[in-house]
Amino acid sequence: MTISNTLAVVGALLAALSFLILGGELLRPRGLVPQENQVAETLGTLLGDLWGPFGFWFMVAIVFITFCSTVLSVEDGFGRMFADGTQIILQGFGVRGRWTNEKFLQSVYIVVLLAILPIAVYLFFGQPVGLLQTAGAIEAAHIPIVTGLTLFLSHRMLPKELRPSKTIFAGTAITGIFFAVFAVIYLLQLIGVIGSGAGSN
């Protein structure tokens, strides 16, 4: 599991850095700025100039597959996390029965919180890029909480032989602190305490 997670983190980091480099070196000089729901089309145009129509549709297919895999992994991971957390909290208050059934809770969270709610928000507010920015802000804000709880529970509940090493523990803690600082800065920008990059330009 450690090797698998390490490879996943390193792979995601390399992919993110690759997109940043491609955006800075290729999109910006050509003035190609993805607008709203035209991200796949803009990237497809870039690759289409090299490979023709095949390159365009190949990039569109890759973007579609990436989005689908992200949605599926988020629904599974968050469904399990919310269901486990709810089950533990409710059992602590003496609740038993259907609302402490993990499978039932997981289904409720996947259908309501991860399917119906995002679709409703999109239909009411639109603006895909704005929604992605909001989702990124929520992600940055909740990562420190999840990180802190994970480290606390692993230290208190896991057997000593299964606990993360000091290096992994420190690295995870640093990650949580980094996102916590990022979340605080974003919140201060949102309420106008400090100026945003867009406002200063």
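Analyst: In this predicted model, a residue is called buried when its relative accessible area is under 20%, and exposed when that area is over 50%.

User: Is glutamine 87 buried or exposed?

Analyst: Glutamine 87 has its place in helix H3, which covers residues 53-92. Its relative accessible area is 18%, and the cut-off for a buried residue is under 20%. Because 18% falls under that cut-off, glutamine 87 is buried.

User: Which residues is glutamine 87 in contact with, leaving aside its neighbours within four places in sequence?

Analyst: Contact here means heavy atoms within 4.5 Å. Once the neighbours of glutamine 87 within four places in sequence are left aside, the residues in contact with glutamine 87 are Thr100, Glu102 and Leu105.

User: How far apart are the end C-alpha atoms of helix H6, and what span should its residues give?

Analyst: Helix H6 runs over residues 166-190 and holds 25 residues. The expected span is 1.5 Å times one less than the number of residues, so helix H6 should span 36 Å. The end C-alpha atoms agree with this expectation, as they are 36 Å apart.

User: How many helices and strands does the chain have?

Analyst: From the N terminus on, the elements run α-α-α-α-α-α-α. The count for the chain is accordingly 7 helices and 0 strands.

User: What share of the accessible surface of the chain belongs to carbon and sulfur atoms?

Analyst: Buried residues make up 14% of the 201 residues in the chain. The accessible surface of the chain comes to about 15,000 Å², and the share belonging to carbon and sulfur atoms is 72%.

Terms used:
Residues numbered from 1 in each chain as written. Predicted model: local features only at pLDDT ≥ 70, side-chain atom pairs only at ≥ 80, totals over all residues. Heavy atoms only, no water. Helix = DSSP H or I, 4+ residues; strand = E, 2+ residues; numbered from the N terminus. Buried < 20%, exposed > 50% of the residue type's maximum accessible area, 1.4 Å probe, protein only. Areas by Shrake-Rupley, 256 points an atom, 1.4 Å probe, with all protein chains shown as cover.
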